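Let's take a look at salt bridges and at the parts of the chain they link. Have the sequence and the 3D view open as you read.

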Amino acid sequence: MSEVFATVLDMRFLHTSDWHLGRSLHRASLGEAQAGFLDHLVETARAQRVDAVLVAGDVYDRAIPSLDAVALYEDALARLRAAGSRVILISGNHDSARRLGVNSALIDAAGVHLRTRPERLADPILLPDQHGEVAVYGIPYLEPALDSPQPAAAPDSPRTAATSDSPHTAATSGSNPHDADAERGTRSHAYVLRAALDLIRTDAAARGAARTVVLAHAWVANGRDDAERGESARRQASASERDIAVGGIGYVPAALFDGFSYAALGHLHGRQTLAGHLRYSGSPLPYSFSEKDHVKGSWLVEVDAGGAAAAEWVPAPVGRRLAELTGRIDDLLTGRAHDSHEQDFLAVTLTDTVRPEGAMERLRRRFPHILTLEFRPEGLTADRRGYRERVIGRDDLAVAAEFVSHVRNSEPSSHECDLFHAAFTAVRLEQEASA
């Protein structure tokens with residue numbers, strides 16, 4: 001670790017997200033690798049004397065998780081608490097908020113804090129250190145059509161409105177008020193998240209909380225306007241994240257999070273630093289081949305007496321790597337350049353001019369963990385015609401022969417044509433007999 005974390009003096013967090021427990025990769029089980037990551041997370045929390053582990057959503061991969069996934073989750077929580085860390089966790093778009101939040105009121109006292117209901121997002125977990133308290137707020141994934149955070153409390157209520165000179169001003173910090181009007185009309189992600197953050201700012205101001213941390217599960221992007229944010233969002237995405245767009249826009253402005261000591265984000269699977277206080281930890285494992293070059297891990301965050309946050313990346317152990325190989329089958333089976341990929345999860349693209357017979361079985365003798373196989377012959381020009389244009393005016397035998405040519409990139413043999421002819425004749429005779 002770097003010198004900034006040489007001595008534990010300030011509040012320390014471990015930011016992780018998008019565990020997706022129970023997920024497979026093209027039907028290959030990832031349970032062992034996920035268990036290995038959780039072992040690493042527990043050991044890091046213990047070794048670094050972490051005050052709290054922040055899990056920014058998508059704990060599970062689906063709303064009704066498998067029993068094995070639930071067992072992994074429960075074991076991880078128990079071991080993190082035994083290591084001396086609290087756990088603060090929000091639900092993501094893959095989770096069932098109601099199921100994940102079962103018994104949240106009971107286990108709150110045990111040091112595991114679940115924030116899965118919108119009505120509790122402005123109810124902070126207050127963590128004490130030598131400088132006072134850090135207020136940690138959890139915003140579960142908000143579905144714009146369903147979840148509607150209530151307006152901030154009136155000034156004469158216990159949660160008084162923030163003053164204009166407060167670092168947690170209830171107004172939409174760093175954003176254009178015209179954007180808020182547009183968001184309200186479309187019930188967008190930006191609209192509901194802005195409303196949630198306004199509630200949190202109001203509560204923090206009423207408490208006089210100078211140090212605030214927020215967890216959120218959303219698609220957050222930098223940029224001065226929708227066009228710039230859209231381009232930033234496209235660069236951020238990987239193939240394994242579920243689309244959360246509503247009305248074509250699923251991302252929200254990074255400026256919504258201005259004024260907080262730290263914002264622990266979840267949803268995107270690649271680590272991202274949008275600002276010094278605004279980061280994605282990404283998923284702990286690669287969940288698609290688009291993530292094969294990601295460096296997976298978590299952020300170790302320290303919040304000082306003045307509310308400034310410093311973060312250091314903690315790499316996670318690398319399990320089975322992901323790789324993509326392209327070439328002719330004979331080259332892939334014999335080339336020494338591919339020795340290092342023999343135990344990797346593989347996506348293979350074959351470029352032979354004729355589709356090799358038994359390609360998957362042959363490749364698996366050398367690469368037992370090949371997951372996908374694509375055939376893309378060298379020099380083949382794609383036929384841009386639609387299906388109707390390709391078959392109009394042609395008999396059944398010609399259409400079948402062209403299908404074989406498309407799949408195999410070679411003409412059917414005379415014996416294969418005889419089989420097609422016999423099959424079509426048998427079907428025609430059966431139809432005439434039943435007419």
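A salt bridge here is a side-chain nitrogen of Lys or Arg within 4 Å of a carboxyl oxygen of Asp or Glu. Search the whole structure with that rule and you get 20 salt bridges. Keep in mind that this is a predicted model, where local features need pLDDT of at least 70, side-chain atom pairs count only at pLDDT 80 or more, and totals for chains, interfaces and linings use all residues. Residues are numbered from 1 along each chain as its sequence is written, and side-chain values use heavy atoms, with hydrogens and water left out.

| Pair | N to O distance |
|---|---|
| R211 and D129 | 2.7 Å |
| D330 and R362 | 3.6 Å |
| R366 and E342 | 2.9 Å |

What does the pair R211 and D129 tie together? R211 sits in the loop between α6 (189-207) and β9 (212-217) and D129 in strand β7 (residues 125-129), so the pair connects parts 82 residues apart in sequence. (Helices, H or I with at least four residues, and strands, E with at least two, are DSSP runs numbered from the N terminus.)

Is R211 buried or exposed? R211 is buried, with a relative accessible area of 3%. Buried means under 20% relative accessible area, exposed over 50%, and partly exposed in between (1.4 Å probe, protein chains only). D330 is partly exposed, at 47%, and R362 is partly exposed, at 26%.
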